Amino acid sequence: MIVGDAGRPAAERLAGLFDSHHERLFRLARRLCGDREEARDLVQETFLRAARKPGAVPEGRSSEEAWLVRALVNLCRDRFRRSEVRSRVAPEPGPEPAHPEAAAIARVTVQAALARLAPRRRAAVVLHELEGVPVSGVARLLGVTEVTVRWHLLVARRELAQALLPDREGETS
Amino acid sequence: MNESIRQRLRAALRRGDPADEPGLTTEEVQGMRRTVLSAVEEPGRRRFLVPVLATAAAAVVLTLTVALALWRSHPRQIAPPERIVTVDKPLPTPSPPIPPSPSVPPVHRAPEAPVEPPKPPDPAPPSEPVRPRGSERPRQKRPAPRAEEVRLASAPNVPSVAEAPEEEPQPRQIQFSTPGGTRVLWTLASEPIL
């Protein structure tokens, strides 16, 4: 627990927390939302939550990471709920890059498909498929059971396959 | 979902993975760090204010409680005695000192006014005090007075009253002392006052 007797120890503790986890959180936030600025806002807001409630962050690196990931996903979910219309409908195609590349197109497509998923499901897919975190690790980070994680992965893969692999819709089982 | 589709899906996701993009710049990191660490100091100020406000509120409540208690325990305003009667004629020897009530100051005798010792009290002491003419004070309910004490309504702070010894041939007398120590003697004529 981050306990600050006179505020000073809490600041030092939070500084260490920020230095250890800000890159990882930004990478996750960047994968969860399609916008770099939004990802930066999410990361800052996550650490601000830790600053406002220093006693809520548990001790230990893995516990700290789990708490931060959970806070980030919850923030993502809050934003998702506030902009429900935008997340339900396929996002408007952004301005075409000056030099369209397959990678950029693929990125936009993937981000659009991920944006349709609920934040927690999206987080499960990103953590497991892109970051290689095992199901048990995803469950610990998100604060849910492994069964729930497997369910989220099953549903997310189905939806993503429909968006990203339209020519294989009939083969899903 | 068969494994091949899963593999293809994973590949598609990794192709669109934005993690390859550059992360936060040094300026962005430093700015974010400053913002986050500055938010930590505010709770300290809040923690400082909370006990101060709590103490101030407790002091206000305590002051109000004490003021209320004092207001309730404060006796009723003493009406100035309506009349102070001075006795000209020689008075009988004063009654022996009456043991004062716990909350009442003792009666002070005036040395220049000897009073006769009291006779046995009346079997039926008066239920209400004898008032000088013109008193407008209403009757007041009170517990049965002690034999040696009669409280006068016109002077509620009268600490103790010695019942005037009854002498049929002589006029009745009532004496009392005010809180200030003034001794008052009332001599009442035997004839009824109309």
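**Salt bridges, helix packing and the chain interface**

R49(A) and D78(A) join their side chains in a salt bridge, with N and O 3.6 Å apart. R49(A) sits in helix α2 (residues 36–52) of chain A and D78(A) in helix α3 (residues 61–82) of chain A, so the pair ties together parts that are 29 residues apart in sequence. Over all chains, the structure holds 17 salt bridges. The model is predicted.

Next comes a helix pair within chain A. Helix α6 (residues 119–130) of chain A packs with helix α8 (residues 146–164) of chain A. Their angle is about 90°, and their axes lie 9 Å apart. Angles of 65 to 115 degrees count as roughly perpendicular, and α6(A) and α8(A) are therefore roughly perpendicular to each other. On the α6(A) side, the contact is made by R120(A), R121(A), A124(A), V125(A), H128(A) and E129(A). The α8(A) side supplies W151(A), H152(A), L153(A), V155(A), A156(A), R157(A), E159(A) and L160(A). By class, the residues of this contact are seven nonpolar, two polar and five charged.

Now the interface between the chains. Here 31 residues of chain B are in contact with 40 residues of chain A. The size of an interface is often given as the accessible area lost when the parts come together. Chain B and chain A bury about 3500 Å² between them. Of that area, 64% is on carbon and sulfur atoms.

Charged pairs also span the interface. Five salt bridges are counted between chain B and chain A. In one salt bridge, R31(A) pairs with D17(B), and the closest N and O atoms are 2.6 Å apart.

Which helices of chain B each supply at least two residues of the side that touches chain A? They are α1 (3–15) and α2 (26–73). The most comes from α2(B), with 11 residues. The side of chain B that touches chain A has 16 nonpolar, five polar and 10 charged residues.

One helix pair spans the two chains. Helix α5 (residues 102–115) of chain A meets α1(B), their axes coming within 7 Å. The axes cross at roughly 110°. These two helices, α5(A) and α1(B), are therefore roughly perpendicular to each other. From α5(A), the residues are A103(A), A106(A), V110(A) and L114(A). They meet A12(B), L13(B) and R15(B) in α1(B). This contact of α5(A) with α1(B) has six nonpolar residues, no polar ones and one charged.

Notes. Residues numbered from 1 in each chain as written. Chains lettered and ligands numbered in written order. Predicted model: local features only at pLDDT ≥ 70, side-chain atom pairs only at ≥ 80, totals over all residues. Heavy atoms only, no water. Contact = heavy atoms within 4.5 Å. Buried area = accessible area lost by both parts, 1.4 Å probe. Salt bridge = Lys/Arg side-chain N within 4 Å of Asp/Glu carboxyl O. Helix = DSSP H or I, 4+ residues; strand = E, 2+ residues; numbered from the N terminus. Nonpolar A, V, L, I, M, F, W, Y, C, P; charged D, E, K, R; others polar. Axes fitted to C-alpha atoms, helices over the stretch in contact; angles between N-to-C directions. Parallel < 35°, antiparallel > 145°, perpendicular 65-115°, else oblique.
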